[in-house]
Amino acid sequence: MPSKGIEAAGLVREFKGGVLAVAGIDLHVAEGEIYGFLGPNGAGKSTTVHMLTTLLPPTAGRATVAGFDVVHEGPKVRKAIGAALQEAALDPILTGREHLRLQTALHALPREERKPRSDELLERVGLTGAADRKVRTYSGGMKRRLDLALALVHRPRMLFLDEPTTGLDVQSRSALWQEVARLAKEDGVTVFLTTQYLEEADVLCDRVGIIDQGKIVAEGSPAELKASIGRPTVDVVPADHEQRDRVSAVLAQFGELTQASPHGVAVLLSGDEFGLADVVRALDAEGLHVEHLQLHAPSLDDVFLAQTGRTLEGAEQEQQTELVP
Ligand SMILES: Nc1ncnc2c1ncn2[C@@H]1O[C@H](COP(=O)(O)OP(=O)(O)O)[C@@H](O)[C@H]1O
Ligand SMILES: [Mg+2]
């Protein structure tokens with residue numbers, strides 16, 4: 001029996017002129033999972049989503065979505081899924097409520113269900129108060145939330161979101177994450193989303209595929225991906241630069257010494273048993289004063305860097321904790 005999630009094998013999309021936007025992708029997304037496609041601009045994220053949502057035929061390979069073949073069973077796929085895509089067309093002169101009423105009609109919901117379903121979804125995405133305002137007065141975050149509500153009208157079991165939070169401020173972004181997480185957790189909706197934001201993939205997704213130049217270069221849970229890079233590094237600059245050797249001796253108890261900042265000593269923490277606090281305590285116990293101490297935890301950007309030799313375009317500040325005692 002085909003999986004009710006997403007299965008893709010050797011999926012390829014070549015555009016005219018030989019542009020290989022998607023260069024052979026395999027996917028296994030389980031039902032109820034939040035799967036994130038993380039990659040820079042032009043990586044092939046939207047093209048993949050367009051193939052999986054039947055908007056664009058693959059030039060090679062095959063895929064099933066919710067158990068249906070994207071090429072041969074397009075209508076069944078479209079009935080099973082909801083999609084909020086980047087170029088989602090909202091009409092600026094219609095209100096949020098009017099958009100929802102139109103969408104319930106488009107999906108042929110029974111007449112008596114259209115109003116309650118619209119109201120329920122407006123409430124769910126926090127737009128009840130703005131429901132009768134024209135969309136041209138909405139903020140970016142409100143438009144994305146309306147997109148999401150429109151994608152949910154027919155109670156899809158699977159949701160595709162193409163860069164749902166690009167360009168949004170931090171607050172709107174986390175509001176949307178909460179809603180998407182709730183859909184997956186409480187309603188068991190499978191979510192396939194694309195993002196350029198490390199933090200979004202990290203916080204929201206059960207599993208992440210890192211995509212670059214049409215290929216998945218790494219895949220796993222955010223924790224697995226980061227663990228593949230290795231343990232965090234602690235870099236210590238002693239207040240008295242003459243004490244570097246003594247600092248080295250202390251740090252060596254916590255793992256292998258590694259490349260450090262100019263006046264510093266750095267250790268790659270080994271195992272799970274040591275943390276930053278242990279290092280600080282040990283230095284303190286030796287009476288060593290510290291000018292600067294920095295923890296560098298591996299991020300998904302490090303994973304991308306390790307796989308591609310480049311850093312993610314649009315990547316946010318790498319995750320660093322700085323302590324200046
Ligand atoms: N309709 C098209 N015709 C030709 N090339 C395209 C078309 N759509 C996308 N591309 C190219 O395919 C590559 C992947 O694009 P896209 O899937 O939109 O990437 P992403 O969504 O990750 O930014 C890019 O090089 C883009 O220029
Ligand atoms: Mg895109």
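Trainee: Which residue stands opposite F68 in β5?

Mentor: V65 stands opposite F68. This is a predicted model in which local features need pLDDT of at least 70 and side-chain atom pairs count only at pLDDT 80 or more, while totals for chains, interfaces and linings use all residues. Residues are numbered from 1 along each chain as its sequence is written, and chains are lettered from A and ligands numbered from 1 in the order in which they are written.

Trainee: How are the elements and their pairing assigned?

Mentor: Helices (H or I, at least four residues) and strands (E, at least two) are DSSP runs, numbered from the N terminus. Two strands pair if DSSP finds at least two bridges between them. Here strand β4 (residues 60-65) and β5 pair in the antiparallel sense over two bridges. They belong to an open sheet of four strands, ordered β2-β1-β4-β5, with antiparallel pairing. β2 and β5 (68-69) are the edge strands, each pairing on one side only.

Trainee: What is the strand order in the sheet of six strands?

Mentor: The order is β6-β7-β8-β3-β9-β10, an open sheet with mixed pairing. β6 (81-84) and β10 stand at the edges with a single partner strand each, so one side of each is left without a neighbour in the sheet. The twist averages 15° from one strand to the next. In general, side chains in a regular strand alternate between the two faces of the sheet.

Trainee: How many bridges join β9 to β10?

Mentor: Five bridges join strand β9 (residues 207-212) to strand β10 (residues 215-220), and the two run antiparallel. G209 stands opposite E219 in β10, and I210 has A218 as its bridge partner. The hairpin has two residues between the strands, and Q213 takes a positive phi near 50° there.

Trainee: How do I read the packing of two helices, for example the angle between α3 and α4?

Mentor: Axes are lines fitted to C-alpha atoms, for helices over the stretch in contact, and angles run from 0 to 180 degrees between N-to-C directions. Angles under 35 degrees count as roughly parallel, over 145 as roughly antiparallel, 65 to 115 as roughly perpendicular and the rest as oblique. Helix α3 (residues 96-106) and helix α4 (residues 111-124) pack at about 130°, with their axes 9 Å apart. α3 and α4 are therefore oblique to each other. Residues are in contact if their C-beta atoms, placed from the backbone, lie within 7 Å. The contact includes G96, R97 and L100 of α3 and R114, R117 and S118 of α4.

Trainee: At what angle do α3 and α5 pack?

Mentor: α3 and helix α5 (residues 140-151) pack at about 20°, with their axes 10 Å apart. That makes α3 roughly parallel to α5. The contact is made by G96, H99, L100 and Q103 of α3 and L146, A149 and L150 of α5.

Trainee: Which strands do α1 and α5 lie across?

Mentor: α1 lies across β3 (34-38), β7 (158-162), β8 (190-195) and β9, running at about 150° to β7. α5 lies across β6 and β7, at about 165° to β6.

Trainee: Which residues surround ligand 1?

Mentor: A residue is near a molecule if its C-beta atom, placed from the backbone, lies within 6 Å of it. Ligand 1 is surrounded by F15, V19, A21, G39, N41, G42, A43, G44, K45, S46 and T47. The elements giving two or more residues to this shell are β2 (19-29) and α1 (45-52). α1 gives the most, with three residues.

Key:
Two residues are in contact if their C-beta atoms, placed from the backbone, lie within 7 Å.
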